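Take a first walk through this structure.

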Amino acid sequence: MSTVVQGFTKSLAMTVLSEIGDKTFFAAAILAMRHPRRLVLSGCLAALIVMTILSAGLGWAAPNLISRKWTHHIATLLFFGFGLWSLWDAFSDGGDAEELAEVEAQLDADWKANAGKTKEGKADDELKKKKRPFLTQFFSPILLKAFSITFFGEWGDKSQIATIGLAADENPFGVVLGGILGQALCTTAAVLGGKSLASQISEKIVGLSGGVLFIVFGIQSFLSSVDS
């Protein structure tokens with residue numbers, strides 16, 4: 001089992017390079033332009049913290065279901081696989097502007113649909129308040145929207161699976177701390193920087209950096225298994 005510091009640094013570096021320029025990063029930036037930043041930031045961060053803890057928990061449980069030797073080998077393969085995947089995405093992707101436009105178009109469609117519903121039902125506001133979903137009676141709909149977009153956007157994403165693999169091979173507590181700090185830094189930058197910052201980020205450079213980092217993790221993991 002590695003140290004907390006090692007798990008923390010690996011998780012922090014992996015999270016920052018995986019999340020900058022990700023779809024959820026763009027979504028947070030665009031949502032922050034249309035809604036109060038504190039609600040968007042709270043919703044996005046809550047979703048990412050929950051996702052990080054769940055992913056690290058799955059990774060921590062893996063060695064109890066499979067032998068530690070096999071989980072180590074699987075984690076090594078995941079690192080190499082994600083490294084090659086990130087490099088492939090960096091060279092073959094259509095570009096940052098294209099992905100930003102795609103996310104913005106999806107949010108615009110959702111925004112228009114909600115606006116249409118609001119106009120139709122202004123006369124029935126009191127009735128609607130009584131019929132609102134249970135959670136929206138206690139939490140802001142904007143916060144819940146930011147939470148759901150981020151949570152389901154991250155579910156099954158490369159960064160989530162990589163966190164599971166990292167927690168299976170490193171100290172899970174360190175992985176959680178590094179992941180949460182990395183998510184907080186990226187999401188805060190997206191919310192405060194908005195679309196102007198998102199459009200300045202070179203997804204190709206981030207993808208190349210992330211790919212190299214994953215491959216370095218894979219080599220380190222492979223060498224540690226050879227030594228042992």
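Rings of Phe, Tyr and Trp (its six-membered ring) count as a pair if their centres lie within 6.5 Å; planes under 30 degrees apart are stacked, over 60 edge-to-face, and the rest tilted. The model is a predicted one: local features need pLDDT of at least 70, side-chain atom pairs count only at pLDDT 80 or more, and totals for chains, interfaces and linings use all residues. Residues are numbered from 1 along each chain as its sequence is written, and side-chain values use heavy atoms, with hydrogens and water left out.

How many aromatic pairs does the structure hold? There are five. One of them joins Phe25 and Phe26: the ring centres are 6.2 Å apart and the planes stand at 75 degrees, so this pair is edge-to-face. Are these two residues buried or exposed? Buried means under 20% relative accessible area, exposed over 50%, and partly exposed in between (1.4 Å probe, protein chains only). Phe25 has a relative accessible area of 5%, so Phe25 is buried. Phe26 is at 1%, so Phe26 is buried too.

Now look at Phe151 and Phe152. Their ring centres lie 5.5 Å apart with the planes at 85 degrees, so this pair is edge-to-face. Phe151 is buried, at 14% relative accessibility. Phe152 is exposed, at 62%. Both belong to a cluster: ring pairs link Phe147, Phe151, Phe152 and Trp155.

The charged end of Lys10 sits over the ring of Phe217, 5.1 Å from the ring centre. For this, NZ of Lys or CZ of Arg must be within 6 Å of the ring centre and within 35 degrees of the ring normal.

Next come the annotated spans. An unreviewed UniProt entry gives "transmembrane region" for residues 39-58, 70-88, 134-153, 173-193 and 205-223. Such annotations may be inferred rather than shown by experiment; positions follow the numbering used here, and feature names are shortened. Helices (H or I, at least four residues) and strands (E, at least two) are DSSP runs, numbered from the N terminus. Residues 39-58 are 100% helix and 0% strand, with end C-alpha atoms 29 Å apart. Residues 70-88 are also 100% helix and 0% strand, and their end C-alpha atoms are 27 Å apart.

Finally, find Thr52. Thr52 lies in helix 3 (residues 37-65). Thr52 is buried, with a relative accessible area of 5%. A polar atom of the Thr52 side chain lies 2.7 Å from the backbone oxygen of Leu48. Beyond its neighbours within four places in sequence, Thr52 is in contact (heavy atoms within 4.5 Å) with residues including Thr163, Val175, Gly179 and Gln183.

Notes. A polar contact is a pair of N or O atoms within 3.5 Å; within protein, one must be able to donate a hydrogen and the other to accept it, and residues adjacent in sequence count only if both atoms are side-chain atoms.
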